[in-house]
Structure formats: structure tokens, C-alpha cells
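Q: Hi! Could you walk me through this model? I'd like to start with one of the chains and then jump around a bit.

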Amino acid sequence: MTEVLKRDEVVAARGVRVTFGAVKALDGADLVIHSGECVGLVGHNGAGKSTIVNVINGGLTPHEGTITYGGQDERGISAARANGVRCVFQELSLCPNLTVTENARIMHPDLKGWNWRSGALALVEAHLQEIFPGHSIDGDSTVDDLSIAERQMVEIAISFAGTDKKPKLVILDEPTSSLDAGLAAQLMAYIRKFVSEGGSVLLISHILGEILSTSDRIVVMKDGRVTADRAAGEFSTRSLVEAMGNVVREQEWARAAATKTGEPVLSMPPRRGHGLAFEAYRGEMIGLAGLGGHGQTEALLDLYLDRNSNWWPTRRREIAFVAGDRSLNGTFPLWSILKNLSVASLGQLSTNRMVDRMREETLGESWKKRIEIRTPDMDNRILSLSGGNQQKVLFARALATTADIVLMDDPMRGVDIGTKQEVYDILRSEAANGRTFIWYSTEMDEIRLCDRVYVFREGAIMEELIGEDITEKNILAASFSEGAAA
Amino acid sequence: MKISSGTIRLLIPAASLALLLAAVFYMQPRAMSYNGLNLLFNLAVPIALATIAQMLIMSVNDLDLSMGTFVSFCACVAATMLQTSPMLGILIFVGAIAAYAAIGVVIHVRELPSIVVTLGMSFVWGGLAVLLLPSPGGTAPAWARWVMTAKPPLVPMAIVASIVIAGVTHFIVMRSSFGVLMRGVGGNNRSVQRAGWSVIGVRAGTYALAGFFAILSGIALVGLTTSADANIALRYTLLSIAGVILGGGQFVGGKVSPIGAVIGALTLTLAGSFLSFMRISPDWQIGAQGAILIVVLALRLALNRLEKREKSL
């Protein structure tokens, strides 16, 4: 450890605090990266990994704390780039309509002059060849025409490339998510070489084998804080999973007895041809867990479209959907609270295809009381409510329908804890009445409320946990794969 | 060698133009001459320039609904100020380009939908055009007239102009650094920003360039018609959008092709002549023109689908 400390700091973030509304994304996190080391960063959903990456690359200004590059206090994307910080993001960030060389031109403003095309081509091809020997990517092909793995390879190669200024720190956020095992191994070997030549790498991955074998030091984050920061040799897969979890908290909920009775109300064959099949029974609360973006939302949409046609409105809807991203696909921002609530049940509220205003208002009043929507008047605009109350309206919209099955796509994002507790109680009582809830959540506490949990990894269901087995440790162990990429 | 998707996208507009041209020649063999070709494609030159301008705007994921009125305004300026006092005329055009750049900045900074802003601007340009030329009139500058009616040997002016326009804009949009940034903004705005570029600057530059080509379109139009009118180019708004799409461009995603856009403009002009040659009554011509558009676009969609299926295999 002392030897590491003597090296130069490339980036140091100290005491960083970032809040998004009620959510504390970072709560006093410290992350120092020295030259010539590979730091592994692990943590479950919402631990603050992406946020701290955005702070380091200058995209996000911390509300508190300091960020220094090479000892100097600077802010902003251009400051980060000037100090040699490069980032490969989880969602691919190439321009799909441009060729590989043109993308290199955008990422490297110092490729100038008449002949930048050949310069860029040489640069990309040299680095592709160095990192992924034997690849077959043509530098003149459009990114759209490449496979996802090839796009990721190109992005990695462009980020490691440097003309005048070599990159000092390359941040890799899930770099192997679409690479096969062979390519991932090539990348890991290159990272070791890059590090041995004095560069630094911040590696984020859900594949613990990669993190353990490639990093010098591993930083574990939880709830916006760094909970462990030790040399990689001191960790094993098991101790890493334990460090990510929270051992103290115990089960506070008495679950309904095993209700796996009768015919499943909803089922789905194994996804992507492997893993487990999905089944849901009446009155169950089923959680979809795992790291964000591993196919849970897609699974929910498939379940929904399976029953509800894409083309024709069905007379009696069997499935209701609670959207996670309120502003994107949840609320109608110009409508009143009441209209937002009743829109899914207009069929049952109307006589002769005309909406019965009286019945609509009765429905609104009853739900306002039941879930305590805090507003003087249901005719107020939906945006006059706080985020948590808007979310309650969306829940009420789904629960007010006659649908027996409710799908929920991480609906509690950015909702304060008090509202959450209220909604949990409503869900419990509705489940007891025979409704089935299928709930994708990125929060461990919510997943632990469920009767049964399916853990997703790389688009497929990897593990089914029932009752007392639903613990943070088991979920973490299933969401992170031990070995190399599948 | 594998054919890139860009080439495929260019193939259909080129094929449809060739097919339409063959049909016209079959029905009216006399069109297959120097003068015949010039007459067929004469009006395509200003449309091609306006299409290029529209394509530039579309390459950054915006849409310009003021194209028609702006070209009309430019035609009016060209037929009056540019004729009588060239310096003042040039000054007005420089101001118009600056206005376009400013529109780009406003759209970017305020995150306004471009169609709303440009729809509003269309009334401004239309009003200015009426102020300049309340009734049809004015005279084309002698040089504009000369350029548009020149008779180069072997190939008629309309064809030469189209090739020059396609070549120059291909260089700007597809080969230059600025073109790469412009299309980059259309393809993935965030990654351009993350790489440390000024997206405002790119947008402003794109809009200014579009304004420049729209001005050329207005001058070319006056050079052909010899006088101007405040409503002379109103249909250019939709023609230019149709031309870009016909030429393989897309509304979003920065997928544009200057050569395709020029071909699209030529196809649209030719479609009008083709329908006249078929003796379809003018009452039905607009509908028939729409039908041609639908057929070509359906063809493209089918090909896109085929391409996607191949990729997933």
C-alpha cells in the first residue's frame, strides 16, 4: 500500500456529495487513482458508480467536495480531457451514422490537417490491432454496419488511442458487456500492459472474475459511499460479494405463505434460450432483480405485449403497467391529476362510449383517500404534485383498472421513503386480494418485499429465490457472475 | 467487397431517376437532346440548392419549415437590391446568413423544436418579401441570368450545375472535418459534446451554411425566371424535404447524402414532366406525384428491412 501511495495522483475526488432531488447519489465518496494502477470499482445498483464516473470525467459538478486532476483543482469536461481522462460509457457513445475513422476524428480534436482521414485510420487500426489482434474491422465502415461487439471494440480502441497526448486514465464502464470471452481476455491483457506502461484504468464490471484478476486495487461502493478500498489480493469472490451487501439488516416483513397454487396466470419460456422460465401465480408479488439494464424491462414489455395486442385495444385488459420513467412514459404533464388517474380505466367509466363524469370523480375521490394523494383538488395539474405523489397517481391508475396483473418497471425511482412505505402497504393489501404484481426494482429493500424473485443477468433469468432465500447476499451473488463473460 | 449501407441508400434514388428518365425518353424521344435535357432539368437547379440547404438542417436533426419563404425572400432581394445596388444586396444576404446562424443558436440554447421556430420565421421572411416586392416584378442581375442560361458545350447547364452542386456539397458534408462534426451532432449529440466540441458552434455553422445555399437557390431561381414574386418558391419547403428523403436521407440520426439529395431534387422535377407527358390532367398531377413518392419510399423501406434482417442473421 505504501508503495502505491508514493505514485502520482492522476485524479482525486475527495468527500464528494451529489444529490438528485431527494436521492443522495453520492454521500461523501473518496476515490483517488494513481498512475500505473488499475482500480476495480464494484457495487450494486444505485451505489453511485456511474455518478462518481461522471464526476471524474467532468460531466457532473459535485455539490460538495473537491476534485483534482494531477493535484490541480479544475472543473468541467474539457479540463478532464485536457488531463488525459477518457471514458468508455456503458451505453455506446459512438455516432452510429459515421464511419470508424470519422468517429475517431470527433473523439480526437487534434487530428487536424488535410489528411486527417489517413491519420485517423492509421491510429484506429494500430490500436485495434494492438488491443484485439486478429480483429476484422474495416476502418471505413459505418458504425451502424458493425455488430455490437465490434462497436464496443472500436470505442475502446479510440479511447486508448492518443496522438500527441496519450490518455492518462481510461474509465471503462462495463467494457466486456457485449464482448465474448476471447475478446474480453484480450482486453484484460491489454489493460495490464497499459497499466505497466504507467497509464491508469478504472474498471467497472459485473464480472467479478475480471475485476479480481485485472485490478491492483478494488473499491467497493454502497449507498453513495466507499465501503472498502483494498488491494485486489485481499479479496475473493465471496468477500467481494459480502462487502457489497449490507449484513446487518434483517427481514422485517412477514411474507404470505407460499402461494404457488393452481395454474400460473402468466408464464414465459427461458429468455435467450438459456436460464430459467418465468411463471407467476395469482396473488404473488414477484421481483425482478439483478443489475440495471440486464433485460428486466425487456422482459416486462414482452410479458405485456404477450397479452395486450400492439394494434387493437382490448375490451378487458388483463395487465396494467406502471412506468418507471415518469416524465418519459408515465404522466400526461398537461392533464389534471384526475385525468391522469382515470385514463387507464375510461372503458369501465363510460356509458355509450361517453365518459361518465360523476363516476370518474367518485373514482378519483376514493383513490385520493385510499392512497392519500396530497392535493386540495384533483383537478389541479399533475405537475403541481411532488414526484412521490405523482408516482402514487400512476400506481392508482394501474390499480383502478380491473387488471389482475400489474407490471411495475422500477416505479420507485427518486421517491422519498415515506411515500414508499405507503405504497408498499397498498401493494401488500392488493396482493392479498388476489392481484399479481411483477416488480422490477433496482432497490434491494423493495426486492426483499417480494414473495419470489427472479435474478436477471445478461438478459436471462439466472436464479430463482423463494421466501427466506431472498437475501441481499444471494441476490448479489446471482447478479455478478464469477467467471469470465458467458 | 461488401457494399456499405450508404451505397445501398444511394442506389435506389439513382435507379428511380434512371427509370423515370427512361420512361420520359420512351414517351418523348425528342427530349433526348441538349435542349430537351436542359428544359427538363432547368428548374431542378434552384430546387437542388434548396434541397441541399434543407439537408444541412436535417443533418443536425432539425427541420426548416421556412425554406420556401426564405428562398422567395432571397429571390426578391436578388431581383431588386442585388440588381440595383449590389453592395446593399450582398449586405442583406450576409445579414440573412447571420440570422440563420442566430436561429440555430436559439434553437440549441433554448432547446426549442426547430419546426416551431422556423415556422414562425417563415412568416417573417414572407412579410419581408412582400415588403420588398408587393407585386411581381424586379429584374434578374445580368450575371445571374448569364450563369443560368449559359450553354456549355456537350452537356447542358442544368446537368453541369447539378453535378457541381453535388460535388461541392459532397466534399463539405461527407469529407471535411466540419461535415463530420455536423453529422456527428445528428448521430450522437452527447458524444460530440463529451469529446469537448462546441455543439452550439456546429449548429450555428450548419444553419449559416444552409442559409448560404438557400440564398444561392433564390439567385438561381431569379436567374431562370428573370423576375421575382413574394410567393415564387413557397412549394420549396415541402419539395426540399421530399427531395432529401427521396435521396436517401433520414429525418433523424444525421444520415444524409448530398449526392442523393441532388438526385432527389432531379427526380421530383422529372416526375412533374413525366406526368405531363403521360397526359395526366393537372387535377390529378399532385396526387400522382405523391404516388410516385410513396412507391420510391416504400422501396427504400423494404430494402432497409432486408438489410436489417441480414445483419441480425
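A: Happy to! Of the 486 residues in chain A, 47% count as buried, where buried takes 20 or more other C-beta atoms within 10 Å of a residue's own, exposed 12 or fewer, and partly exposed lies in between, with C-beta atoms placed from the backbone. This is a predicted model: local features need pLDDT of at least 70, side-chain atom pairs count only at pLDDT 80 or more, and totals for chains, interfaces and linings use all residues. Residues are numbered from 1 along each chain as its sequence is written, while chains are lettered from A and ligands numbered from 1 in the order in which they are written.

Q: Thanks! How many helices and strands does chain A come to?
A: Chain A has 18 helices and 20 strands; these are DSSP runs numbered from the N terminus, helices being H or I with at least four residues and strands E with at least two.

Q: And which domains is chain A divided into?
A: Domain 1 covers 2–244 and domain 2 covers 266–479, with bounds from an automatic or database domain assignment. Their centres, taken over C-alpha atoms, are 35 Å apart.

Q: Let's zoom in. Why is strand S9 of chain A largely enclosed?
A: Five of the six residues of S9(A) (217–222) are buried, so the rest of the structure largely encloses that strand.

Q: Which strands does S9(A) pair with?
A: S3(A) (38–42) pairs with S9(A) in the parallel sense over four bridges; pairing takes at least two DSSP bridges between two strands. A:Gly40 has A:Ile218 as its bridge partner in S9(A). S10(A) (225–231) runs antiparallel to S9(A), joined by six bridges, and A:Val220 has A:Ala228 as its partner there.

Q: What about the turn between S9(A) and S10(A)?
A: The two strands form a hairpin with two residues between them, and A:Asp223 in the turn has a positive phi of about 50 degrees.

Q: What's the strand order in the sheet?
A: The open sheet of six strands in chain A goes S6-S7-S8-S3-S9-S10, with mixed pairing. S6 (85–88) and S10 of chain A are at the edges with a single partner strand each, so one side of each has no neighbour in the sheet.

Q: Switching topic: how many residues of chain B are in contact with chain A?
A: 21 residues of chain B are in contact with 19 of chain A, contact meaning C-beta atoms, placed from the backbone, within 7 Å. H10(B) gives the most to chain B's side, with 12 residues.

Key:
Two residues are in contact if their C-beta atoms, placed from the backbone, lie within 7 Å.
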